[in-house]
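This report takes up a helix crossing, the fold of a chain and a chain–chain contact. The structure comes first.

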Amino acid sequence: MLTIKNLHAEVEEKQILKGINLSVNAGEVHAIMGPNGSGKSSLASVLAGRENYQVTQGEVIFKGLNLLDMNPEVRAREGVFLAFQYPIEIPGVSNINFLKTALAEIRAHKGLPPLDAKEFLKMSREKQKLVEFDAQLVNRSLNEGFSGGEKKRNEIFQLAMLEPALSILDETDSGLDIDALRIVSKGVNKLRSENNAFIIITHYQRLLEYIVPDFVHVLYDGRIVKSGTKELALELEEKGYDWLKEDAREKATTI
Amino acid sequence: MSMTSSPSIPLFEEVVNGFHKLSVSGGTQQESSDLRRTRQQAFDKFRELGFPSIRHEDWRYTNLARFLKDEFTIEGWEVSGKAVLPDAALLKKAEIASLDCYQVVLVNGVWDGKVTGGTLPGNIRLLKVAEARQDPALSLYFEKQAGWSEHFANLNGALFSDGLFIRVDAGATIEKPLHVVHVYTSENNLLVQPRNVWVIHRNAELSVIETLVSGGEAKIWVNGLTEILVHADARFHHTMLQTAGAGVRLVQQTTVHQQRQSLYNNFTITLPGADLVRNDLQTRLEEDHTETHLYGLYLAAGSQLVDNHTLVDHQKPHCLSNELYKGVLLEQSTGVFNGKVYVHQDAQKTNAFQQNNNLVISKKATIDSKPQLEIFADDVKCSHGSTVGQFSEEALFYLRARGIGEEAAKGLLINAFAFDVTEKIRIPEVEAHVNELISLHIPVNHA
């Protein structure tokens, strides 16, 4: 589904990603871990098309298409979804109208007519239930006055509504208490299928107790320095990130 | 100050000649001597002041030179009283979908006397100003103001001929809103000076929605003056939808006098179209415990100039005023906001709030925003703020990351920006109508 080859990117002339290679297939969940400032969120931003990032080398192929050639809305319509680390509050835009507009655009891109009001309402109710999202919040202005946990849950509700092929969860666990974390994870687990894939970006192993990944990658200084299965996450939890930093430094000096 | 420049303006000559003609031809003969004296005073004052230039503080950012260079004929005494039939298409433009309301139509400031949308209750009375000003009992409302400081108010005071007079009896609550449609249409360039006087008596309630539409190729200068008296305990809700088209230059002064415990709500909504819109909205809080809400929304486009001058004049204690004006400046448009709040020494326990926010969409658009607070009482709560900004890049990215195209995302953000004002419109049909008008002028959501 997604192939990232030798991806280099910079922001404000500072090199952030220094050669990422990653392959994600349908049905897989990949976790990307790493210390602060290693480039995890930057990778998410580059994939979603945030405009202040410049890709300087490498390529990203998504469903056979060159993802980097597309603007953010086209990526979304093709099936890339970024669950934001800090979802934006937009007073005056109702949550439900926003979703209706987004879904209509995505469907139009696929050559489908927009859902009528009744179908949309039905789908919205089903997905609210699936991800345990409060119906009261659905009718409010987009994220306005939502708590941190409510904002994250709204991201998962949007994910459920838009049914993307590839979901990138950018530190969705940050600022969540255990209950919220459990609800968010439960939602994601219900949405997992053979046809979609997830990239879960997190600093802590905690989230991965609830959403069990197929693969774990460790990002450090703009590169993936280690990949493995879910056991790698436990190892990181035990040992921290310092041993990786030393490994990387040794590698750098031997080169 | 501007005496040297005004005589070179063709319209100035036309006005001077027009007033002499009026005095000689006797169009005012039926009026009281007091009213005739008021006209003469207003004319003298106008002749002294002339048309304003940017050297006048109140017109610093609004240069009228390019709008005044055309020649205009004064819509006057010869045709007054003869109502022109409005074009059906023009009336359609003013229609507010599914709103249950009484409706009157004024063409070039002249009402044909018809009311649609039902029979008016007996406790509200509408009259043509041409009739009311000759009625001794009513003419006093037209004599109240002499020697205004404002250029255009004096011009109207000297030469007005018609308009709409409204009186609501004490204690009457008029359930259905009154839609006042102002149609401006002409084959020749025209100066029209409608004068409206609306009196809401004690403990009465009325909601008026004014819609301004125009048609035709000619340039029409509308110099409107509306005086509103809101008596004690009365409630008046006033919405102005300024949707005139190209060629129209609108200068509208609205002066509101509020008495004890009265409420006045104003919505001034200006949309792209007219070449020039200058609103002077003055609320004079003449007694204690009044409440005033002023909401403004201006969406300017093309080379349009939209100028809102407001004055909240706190004369007495325990009054509340709340003002929120929001502007969206597109293309090469210019916006001006000047909000003056004057708190007299007597006006203790005043609460006065003012906010002006602007969204400047285009690099070629400009806004001059000037809050002006003058406070002479010591026990008051007053605040003001003014912002000028562009689209939030973060918000735009968030919407686009969900598949919403850039133009549609901007449209959503403009609607959201306007929402603070539109949500306050208490009539759902009017709110929907305003949102519809906005969406006609912003990037359309093609979904």
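## A helix crossing in chain A

In this predicted model, α3(A) passes α6(A) in a right-handed crossing. Helix α3 of chain A covers residues 95-109, and helix α6 of chain A covers residues 148-162. Their axes come within 10 Å and cross at roughly 35°.

From α3(A), the contact draws on A:L99, A:A102, A:L103 and A:I106. From α6(A), it draws on A:Q158, A:M161 and A:L162. By class, six residues in this contact are nonpolar and one is polar. None is charged.

## Overall build of chain B

Chain B contains ten helices and 21 strands. Its C-alpha atoms fill a box of roughly 70 × 50 × 50 Å along the principal axes. The radius of gyration of chain B is 21 Å, which agrees with a compact globule, because 447 residues packed that way would give a value near 22 Å.

Of the 447 residues of chain B, 51% count as buried.

## Where chain B meets chain A

Across the interface, 20 residues of chain B are in contact with 22 residues of chain A. On the chain B side, α8 (393-400) and α9 (406-422) each supply at least two residues. The largest share comes from α9(B), with eight residues.

The chain B side divides into eleven nonpolar, four polar and five charged residues.

Definitions and conventions. Residues are numbered from 1 along each chain as its sequence is written. Chains are lettered from A and ligands numbered from 1 in the order in which they are written. This is a predicted model: local features need pLDDT of at least 70, side-chain atom pairs count only at pLDDT 80 or more; totals for chains, interfaces and linings use all residues. Two residues are in contact if their C-beta atoms, placed from the backbone, lie within 7 Å. Helices (H or I, at least four residues) and strands (E, at least two) are DSSP runs, numbered from the N terminus. Ala, Val, Leu, Ile, Met, Phe, Trp, Tyr, Cys and Pro count as nonpolar, Asp, Glu, Lys and Arg as charged, and the others, Gly among them, as polar. The radius of gyration is taken over C-alpha atoms; the globule rule is 2.2 Å times the number of residues to the power 0.38. A residue is buried if 20 or more other C-beta atoms lie within 10 Å of its own, exposed if 12 or fewer, and partly exposed in between; C-beta atoms are placed from the backbone. Axes are lines fitted to C-alpha atoms, for helices over the stretch in contact, and angles run from 0 to 180 degrees between N-to-C directions. A crossing is left-handed if the near helix is turned anticlockwise from the far one by less than a right angle, and right-handed if clockwise.
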